[in-house]
Amino acid sequence: MAKQYRLTPERLQKLQEELTYLKTVREREVAEQIKEARSFGDLSENSEYDEAKNEQGKLYSRIAEVEAILANYVVIDEQSFDANAVSLGSQVTVENKQNGMKATYKIVSSQEADPVQGRISEESPFGKALVGKAVGDEAEVEAPAGVMTYKILDIQKG
């Protein structure tokens, strides 16, 4: 059975727009690069042609990836989750019990994760440890440096 992707309505729209862009604008650009590279002559020693073909491969790979997601998705409603427990769509403020540092993260689907922006996947070890917990609860996360303990200070929806 194919993996089901949990997407917010916003992420679904972005993926649909990306697919349209890739199949229209980007595909024409890559085809033009290949056509131009072919005009340079001998393809066996033509690095521009090789690069354009590699770009075409990446493009088709990304198109296939987006199409697979769009063929197996479920739209989630972040507002339907319990506001008193960490769940998909929650914005969670935690305190690292070892060093006292506080941080705020948004729990998102794996398709929307961006740790640099504080968007943590519900499927990551950190996300899994937080999901279902309430304010005041502690979550233990297995990390390369050892087990880290976090106290949940606040939960906001959306």
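Let me start with arginine 119: at 27% relative accessibility, it counts as partly exposed. Buried here means under 20% relative accessible area, exposed means over 50%, and partly exposed lies in between, with a 1.4 Å probe and protein chains only. Its partner is glutamate 112, and the two form a salt bridge with the closest N and O atoms 3.7 Å apart. Glutamate 112 is buried, at 13%. By salt bridge I mean a side-chain nitrogen of Lys or Arg within 4 Å of a carboxyl oxygen of Asp or Glu.

A word on the basis. This is a predicted model, where local features need pLDDT of at least 70, side-chain atom pairs count only at pLDDT 80 or more, and totals for chains, interfaces and linings use all residues. Residues are numbered from 1 along each chain as its sequence is written, and side-chain values use heavy atoms, with hydrogens and water left out.

Now the overall fold. The chain has three helices and seven strands. Helices (H or I, at least four residues) and strands (E, at least two) are DSSP runs, numbered from the N terminus. In sequence order, the pattern is β-α-α-β-β-β-β-α-β-β. The radius of gyration is 22 Å, well over the 15 Å that the globule rule gives for 158 residues, so the chain is more spread out than a compact globule. That radius is taken over C-alpha atoms, and the rule is 2.2 Å times the number of residues to the power 0.38. Along its principal axes, the C-alpha trace spans about 70 × 35 × 30 Å. Of the 158 residues, 35% count as buried.

Back to salt bridges. The whole structure has eight. One of them pairs arginine 6 with glutamate 122, at 3.3 Å between the closest N and O atoms. What does this pair link? Distant parts of the chain: arginine 6 sits in strand β1 (residues 5–7), glutamate 122 in the loop between β5 (119–121) and α3 (125–130), 116 residues apart. Arginine 6 is partly exposed, at 32%. Glutamate 122 is buried, at 16%.

Next, a pair within one helix. Glutamate 29 and arginine 26 form a salt bridge, closest N and O atoms 2.7 Å apart. Being three residues apart in helix α1, they are separated by about one helical turn. Arginine 26 counts as buried, at 17%, while glutamate 29 is partly exposed, at 34%.

There is also a network: salt bridges link Glu18, Arg62 and Glu65.
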